Amino acid sequence: MWNYFSGYVIIKVEGRRTEVFINAAGHLKIELSSINRINANAILCRIHPHDFKKLRPIAKRTGCRIRVVKKTGLPFFVYSLRFRLALVICSAVAILAIIFASRFIFRVDISGCDKINVESIKSALVDIGCGVFSLKSSIMPIDTGKALMELDKRIAWAGVSIDGVILRVEIVEAKEPPDIVDTSGTGDIIAGIDGIITYVEALSGRAVVKVGDAVKKGDVLISGTIGTEETSLYTRARGTVKAKLLYIFKKTVGETEKKPIKTGRFETIVDVSAFSLEFQRKCEFSSYFSREIGDFTMDRCFLPIKFKARIYFELEYREALLYDSEKLAMALMLANTAVANGIDKNVVILSKKTSVELKNTYAEAIITVTLERDIGEFSPA
């Protein structure tokens, strides 16, 4: 790096006494570096520009010839610009523009928002004076975070940091208070679906089922009537009743199915995003699959630009004869898709059994899922 700033000259020394030439240069404290012998009578080496004239007496004395191969370094680059005044001025203006623009915020990235609208956070930042094109020196990250928490009570904590020309805001949402239980009106908790009871907890009322009981839809699980027949008290039943449920998903695939087949056509699209704007070109194929082939981000300079390249392959759905392995794989995929769409993600799956087999000309996949969920529903009296 220092050699580039000070500049250096690559020279070629030719003659029969190149070793004597090197020793003589060293005796005069002329530094020759990166010495590389080309052949028996020639070497390449580096030398400081100021020492080049000192080599002429040595070359004359040793009978060697010196030729400049290349001049490298900042001094030579600056000297080459002496007749390119317009280029120098434009470069200086561009550098000054970049330095000036780097003092401002050009993009705001907000993370951690689940229930809070991101646009409302951006509007709050603008009201505080920390939006896009705000001066970075005027932004106090700690004070900005406190101001956000005061403006929106749903924010439990807000962290603000400046990364280049990007203002990064991390939000931690406050937990909502639990819903107030409605205790008005009397009634029972009944089964919303058939199942086998695995858990019973009555908070108010009287449990009429126990673990292991089989119930049908509409059966009373927790009664809102407590006491005896002579002295009955009616209340609103509350509690949790969980049951074991059985779901069966079956899918079949015949000999032929429509398959996505590559047509051989493809195109590459580069998406560009700058600031908060995105420039995307839509793929002309009606059916396709794509994959990302590269991305490049410039977020620490004047323009926070991101390039993302994707390649798109055109697909055409055609009726095709399936191999047995394809039938089995497709039937299993369809059955798994039915399971994913038919079962709530919040339930507890106790067991899952999968069966895939060929039957004559078609493949059949059966997935049996045993799960546990709350089946109680309130039924007013």
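A pocket is an open set of grid points with protein on both sides within 12 Å along at least five of seven lines, and its lining residues have an atom within 4 Å of a point. The structure examined here is a predicted model.

In the second largest pocket, the space amounts to about 200 Å³. Its lining is drawn in part from α1 (2-6) and β3 (42-47), each of which supplies at least two residues. The largest share comes from α1, with 3 residues.

The cysteines were examined next. A disulfide is a covalent bond between the sulfur atoms of two cysteines. A search of the whole structure for such bonds found 0 disulfides. For Cys45, the closest cysteine sulfur is that of Cys64, at 11 Å. A disulfide requires a pair of cysteine sulfur atoms within 2.5 Å, and the sulfur of Cys45 is therefore too far from that of Cys64 for a bond. Cys130 is likewise in no disulfide, and the nearest cysteine sulfur, that of Cys113, lies 16 Å away.

Accessibility was computed for Cys45 and Cys130. Cys45 has a relative accessibility of 1% and so counts as buried. Cys130, at 3% relative accessibility, also counts as buried.

Technical notes
Residues are numbered from 1 along each chain as its sequence is written. This is a predicted model: local features need pLDDT of at least 70, side-chain atom pairs count only at pLDDT 80 or more; totals for chains, interfaces and linings use all residues. Side-chain values use heavy atoms; hydrogens and water are left out. Buried means under 20% relative accessible area, exposed over 50%, partly exposed in between (1.4 Å probe, protein chains only). On a 1 Å grid over the protein atoms alone, a cavity is a set of points where a 1.4 Å probe fits but cannot get out, and a pocket is an open set with protein on both sides within 12 Å along at least five of seven lines; lining residues have an atom within 4 Å of a point. Grid points are joined across faces, edges and corners, and a volume is the space filled by probe spheres set on the points. Helices (H or I, at least four residues) and strands (E, at least two) are DSSP runs, numbered from the N terminus.
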